[in-house]
Amino acid sequence: MKSPQHVPVLLEEVLEYLNVRPGGVIVDATLGLAGHSLEIAKRLGGKGKLIGFDRDPEAMEKAKARLEVLRAELGDAMPEVAFEPRAFSEASGVIAPGSLDGLLADFGVSSLQLDEAHRGFSFRTDGPLDMRMDTRSGETAEQVVNQEDENELADLIYEFGEERRSRRIARAIVRARPITTTAELARIVSAEAPPMKGEKIHPATRTFQALRIRVNNELGEIQSLLKSAGSLLKPGGRLVLISFHSLEDRLVKDAFKAAKDAKIFEILTKKPVVAAEQEQMRNPRSRSAKMRAAEKV
């Protein structure tokens with residue numbers, strides 16, 4: 001059985017809406033373990049070009065290795081591959097305007113990050129409170145948890161986690177400081193805000209989401225990409241975006257509507273595309289995935 005980290009979400013749907021053609025130029029803005037990119041590369045052919053962005057150095061090295069294996073298989077049919085070890089918000093600084101046939105982004109945390117305890121993203125395994133996608137710089141979740149004042153902590157848990165019990169959770173966190181591990185934080189949150197009736201998610205899910213979004217400026221990153229995507233794509237170029245929670249999806253939905261009104265994009269998905277039941281059973285991460293696609297006018 002394949003590890004979940006090797007299962008790209010909504011793969012068939014991505015390939016359909018991205019409309020990959022031989023000789024095209026495609027950006028995978030969230031390369032991860034190259035799950036989507038491996039299939040995109042097969043369709044681009046020897047005259048095509050794939051550009052992969054990822055600010056996570058561990059993910060980038062693993063993606064390079066997997067694409068090298070594919071190169072050995074495809075030979076001359078392998079497209080040119082360029083790796084950009086940086087945040088996708090920087091795409092406009094390294095990609096020529098009007099040069100792309102397609103741009104894909106699969107937002108949120110990757111399975112690799114969740115599965116590695118030392119990265120500190122998951123409350124299911126005990127590890128340091130890090131949560132940085134780019135481990136080379138920036139503040140950690142431990143710094144946020146231990147240094148923010150109670151009101152700021154409550155606000156970010158409410159805003160980024162959509163957690164209604166944020167005040168109680170922030171108060172409990174401040175009382176328990178210093179907190180250094182994911183297990184400690186999960187225990188504190190669970191004790192203060194146990195599961196509500198009928199709720200299936202772990203009680204710490206929203207708090208961990210909020211911290212992760214804050215540490216990695218995830219919503220700001222998405223806004224930057226949404227602003228630049230239209231100028232990077234050729235007419236007829238496709239933009240395919242996968243979100244995993246309502247804050248991400250709302251940004252994409254609103255940006256698509258504004259771009260349609262400005263006659264920059266035609267929206268291809270009237271409603272977000274979701275994973276079929278079979279995929280949801282095979283890959284639980286796909287259950288919350290929502291994909292939207294648009295074409296440059």
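Guide: Before any question is taken up, one definition: Ala, Val, Leu, Ile, Met, Phe, Trp, Tyr, Cys and Pro count as nonpolar, Asp, Glu, Lys and Arg count as charged, and the others, Gly among them, count as polar. The structure above is a predicted model.

Visitor: How many nonpolar, polar and charged residues are in the lining of the largest pocket?

Guide: The largest pocket holds about 1500 Å³ of space, and 42 residues line it, with Leu-114, Phe-244, Pro-284, Arg-285 and Ser-288 lying nearest its centre. Sorted by class, the lining of this pocket has 16 nonpolar, 13 polar and 13 charged residues.

Visitor: Which helix gives the largest share of the lining of the largest pocket?

Guide: Helices H2, H3 (57-74), H5 and H10 each supply at least two residues of that lining. The largest share is 5 residues, and the helix they come from is H10.

Visitor: Which residues are the closest to the centre of the largest cavity?

Guide: The count comes to 1 cavity of 30 Å³ or more, and about 480 Å³ of space lies in the largest cavity. Among the 37 residues that line the largest cavity, the closest to its centre are Thr-30, Gly-32, Asp-106, Gly-108 and Ser-110.

Visitor: Into how many nonpolar, polar and charged residues does the lining of the largest cavity divide?

Guide: Helix H2 (35-44), helix H5 (111-115) and helix H11 (218-232) each give at least two residues to this lining. Taken by class, the residues of the lining of the largest cavity divide into 17 nonpolar, 10 polar and 10 charged.

Visitor: Which residues of H12 are buried?

Guide: A residue counts as buried when its relative accessible area is under 20%. What covers the buried residues of H12 includes helix H7 (150-161), helix H10 (205-216), H11, strand S5 (233-243), strand S6 (265-267) and strand S7 (290-296). The buried residues themselves are Leu-247, Glu-248, Asp-249, Val-252, Phe-256 and Ala-259.

Visitor: How many residues apart in sequence are the parts that the pair of Phe-88 and Phe-107 ties together?

Guide: A search of the whole structure finds 3 aromatic pairs, and one of them joins Phe-88 and Phe-107, a tilted pair with 5.8 Å from centre to centre and 50 degrees between the planes. Phe-88 lies in the loop between strand S3 (80-84) and helix H4 (91-94), while Phe-107 lies in the loop between strand S4 (100-106) and H5, so the distance in sequence between the parts tied together is 19 residues.

Visitor: Are the rings of Phe-256 and Phe-265 stacked, edge-to-face or tilted, and why?

Guide: Phe-256 is buried, with a relative accessible area of 3%, and Phe-265 is buried as well, at 5%. Planes under 30 degrees apart count as stacked and those over 60 as edge-to-face. The centres of the rings of Phe-256 and Phe-265 are 6.3 Å apart and their planes lie at 35 degrees, so the pair is tilted.

Visitor: Is Arg-124 buried or exposed?

Guide: Arg-124 has its place in the loop between H5 and helix H6 (141-147). A relative accessible area over 50% counts as exposed, and the value for Arg-124 is 65%, so Arg-124 is exposed.

Definitions and conventions:
Residues are numbered from 1 along each chain as its sequence is written. This is a predicted model: local features need pLDDT of at least 70, side-chain atom pairs count only at pLDDT 80 or more; totals for chains, interfaces and linings use all residues. Side-chain values use heavy atoms; hydrogens and water are left out. On a 1 Å grid over the protein atoms alone, a cavity is a set of points where a 1.4 Å probe fits but cannot get out, and a pocket is an open set with protein on both sides within 12 Å along at least five of seven lines; lining residues have an atom within 4 Å of a point. Grid points are joined across faces, edges and corners, and a volume is the space filled by probe spheres set on the points. Helices (H or I, at least four residues) and strands (E, at least two) are DSSP runs, numbered from the N terminus. Buried means under 20% relative accessible area, exposed over 50%, partly exposed in between (1.4 Å probe, protein chains only). Contact means heavy atoms within 4.5 Å. Rings of Phe, Tyr and Trp (its six-membered ring) pair if their centres lie within 6.5 Å; planes under 30 degrees apart count as stacked, over 60 as edge-to-face and the rest as tilted.
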